[in-house]
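Welcome! Here is a short tour of one structure for anyone meeting it for the first time.

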Amino acid sequence: MEITSDILHDKLKKFFGFDSFKGNQEAVIKALVEGNDVFVLMPTGGGKSLCYQLPALCMEGTAIVISPLIALMKNQVDAIMGFAHNQEGIAHFLNSSLNKTQTAEVKKDLLSGVTKLLYVAPESLTKEENIQLLKQIKISFYAIDEAHCISEWGHDFRPEYRRIRSIIAEIGKAPIIALTATATPKVQSDIQRNLDMLDAKVFKSSFNRPNLYYEIRGKNNPKKDIIKFIKENPGKSGIIYCLSRKKVEEIAELLNINGIKALPYHAGMDAATRGRNQDAFLAEEVDVIVATIAFGMGIDKPDVRFVIHYNIPKSLEGYYQETGRAGRDGQEGRCIAFYRHKDIQRLEKFMQGKPVSEQEIGRQLLMETVSYAESNQCRRKVLLNYFGEDYPECNCGNCDNCLYPQKQFNGREEICTVIELVLSLKESFKAEYLSNILCGVSNSLIKSYHHHHNEFFGIGKSKSPRFWNAVIRQALILHFLDKDIERYGLISVTQLGRDFLNAPYDVMLTEDREFEEGEDDDSDSPMNAKHPAGLSGAGDAALVPMLKSLRQEVAKKQRIPSWVVFSDPSIEDMAILYPTTLDELKKCQGVGEGKARKFGQPFVELIARYVEENDISRPDDFIVRTVASKVTNKVFIIQSIDRRMPFEDIARARDMELCELIEDIESIVNSGTRLNIDYYIKQTIDEDKIDDIFTYFKEEAQSDSVTDAMKELGRDYEEEEVRLVRIKFLSELGN
Ligand code: ADP
Ligand code: MG
Ligand code: ZN
């Protein structure tokens, strides 16, 4: 039976409830039902799933859909089953999460031919019993979703994807449709080659997402920036991506403390909690989800209004994917990423220890991200160029660089210089190497080629390597130069570049942006948390002395030392937060209920007067309130210790070092919570030693200092032992 356009429209309405196709869905589907191999490159939210779901429902046999995510499969199956009437349009999934009965049911439906769509994880596809099963049924076609997983150059490489082709050959031939939202030319060719579908009909949509606003921010005050941003966008849904689980927990808690409904999501949480948090976000019970990159693949929330990257992603594909989750409905979608060089160094560190080739790939992907972040050019232009797409406009009007353009300079001479250099070096070096030559920066590689004697060496040294890097990058975007990704980014000159050199013309370029390095709030040492993040500095310089002299007055009257009234940090906080009620006063460090009641009144009165007289707009709407004890995993730690979990396991569950855990436990105990850690101490420390240390603290110690204790007790005691017993001591006698 021929599948006509009418039939397709009919089924589109019946199964999915849509009146028309989106983008080139119909063309894709037609090509597939006609028996072609098809390759679909479509951005996230473009509607890829329908490109295989609909033909599966129309064609004879079962379509095999290979997809990496169990959660995703379940969503899709549920969605189809929701629309399907009777037995028509049955979809199943096959993976390790099914129990025996469920698996048997799926097999029965498969063999009787009612299953139209079978979702399988690649791991399940490679299982011999499944191959044998699938050999027995008629297959309409194979769909390979998230096909970039095939390529090492994708952001999400999965080795088992490499075996798909050979398994398909074993099960039986049928057309293949591969789909991805990652479309760098390199990934694209990897996919086609690996799936042996070089003749496939390729459908590539534009990757431009005009409604997304792109911005890169220096990371000076990220937490304050984030809170301020969310407070200015009340009620909107958003995702915040962080690199580590610990950061996810910390930011989620920070947001809650600041009155923003947020939940964490990361792979270290149990599946049930994770599912609950995801559902709460989808159901809009919370506005914000703070997540590691594990979140969002395949979730379909059309009205995510912002995506914030607390850490810059390690590749532009990742960045594009994650920002792509904003504004899927075509409405507002703001994408803000925080950038600083330290984060790049951290990502580089993570790569060490991986195979060299993987490191090389990783570093190159990272460099692309750096270029993007530091560029002063239209973000959209750079991003699309990365995906092999030209963006013709000069000003997109919807990115930070276009809205706040930087000064330009005429780069005619500079581009000529670069082109000449590339030609003279026979087009066999990378951008970084070229800019080092121009600046006269010698290194062992340059010396090994004797290029420190080259005529170009140092001719551009009045400018920095980053200046020259920016020139090269823009010459690439302008197609004067070309970069060979297969050969690790070697730069060559295009015909256009040669023409330019023969008859140069004016070309306006921009220099790169400089990013200040903010304070490192990621080190998270509980000791340096003197001030809430983003509120460093000693507060309003005029107000502080006024508060201090008031403090002295009060102290005199009550005949106590002034630091007993309020400590300096408390005073400084008052001069930042401008509390005008006792409740607000309690939000300053070191000010508890008792102190606020006992001494607070004249202070808040003074501040209220001061605010009034000086017409100060109190920053209260986005003041960052920090986590009370600075212990982000407090509840988890207390519960785990109650359950007598070994410290090593607690630390591992939260991605911490043991010493970090001990620090956290110390702050928990210091803030007055009693913890019984005997079970752990008894296992790890000799009983006599425990007694010695305990007795020292009880009978000899002049303070609770660990250093003093170590000195007094001598070398037979490890610092860790002393600290653990001290925790026991403080917990038993102090709390
Ligand atoms: P992708 O996999 O490309 O990221 P999805 O397949 O998840 O995108 O589809 C994205 C959204 O677009 C979904 O909400 C889907 O229901 C919707 N969609 C797909 N096709 C159509 C269509 N023809 N008309 C309207 N909405 C569509
Ligand atoms: Mg998809
Ligand atoms: Zn722009």
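Turned away from the buried side of α32, one face of this helix carries the exposed residues Glu687, Asp688, Lys698 and Glu699. Keep in mind as you look that the model is a predicted one. On the buried side of α32 you will find Ile690, Ile693, Phe694, Tyr696 and Phe697. Looking down the axis of α32, these buried residues fall within an arc of 150°, so they line one face of the helix.

Another helix, α7, covers residues 128-135, and its buried residues are Asn130, Ile131, Leu133 and Leu134. Seen down the axis of α7, they fall within an arc of 160°, so they line one face of that helix.

Now for the ligand. Which residues are closest to ligand 1? They are Ser20, Gly45, Lys48, Ser49 and Asp300, and 15 residues surround the ligand in total. By type, this shell divides into 4 nonpolar, 7 polar and 4 charged residues. Helix α3 (residues 48-58) gives the most to the shell, with 3 residues.

On its own, ligand 1 has 570 Å² of accessible area, and the protein covers 75% of that.

Finally, two loop residues deserve a look. Glu284 has a positive phi of about 60° although it is not a glycine. This residue lies in the loop between α12 (271-282) and β11 (288-291). Is Glu284 buried, partly exposed or exposed? Its relative accessibility is 43%, so Glu284 counts as partly exposed.

Tyr578 also has a positive phi without being a glycine, with a value near 45°. You can find Tyr578 in the loop between α25 (568-577) and α26 (582-585). Tyr578 is buried, because its relative accessible area is 10% and buried means under 20%.

Conventions: Residues are numbered from 1 along each chain as its sequence is written. Chains are lettered from A and ligands numbered from 1 in the order in which they are written. This is a predicted model: local features need pLDDT of at least 70, side-chain atom pairs count only at pLDDT 80 or more; totals for chains, interfaces and linings use all residues. Side-chain values use heavy atoms; hydrogens and water are left out. A residue is near a molecule or strand if one of its heavy atoms lies within 4 Å of it. Accessible areas come from the Shrake-Rupley method with a 1.4 Å probe; for residues, only the protein chains shown count as cover. Helices (H or I, at least four residues) and strands (E, at least two) are DSSP runs, numbered from the N terminus. Ala, Val, Leu, Ile, Met, Phe, Trp, Tyr, Cys and Pro count as nonpolar, Asp, Glu, Lys and Arg as charged, and the others, Gly among them, as polar. Buried means under 20% relative accessible area, exposed over 50%, partly exposed in between (1.4 Å probe, protein chains only). The arc is that of the directions from the helix axis to the C-beta atoms.
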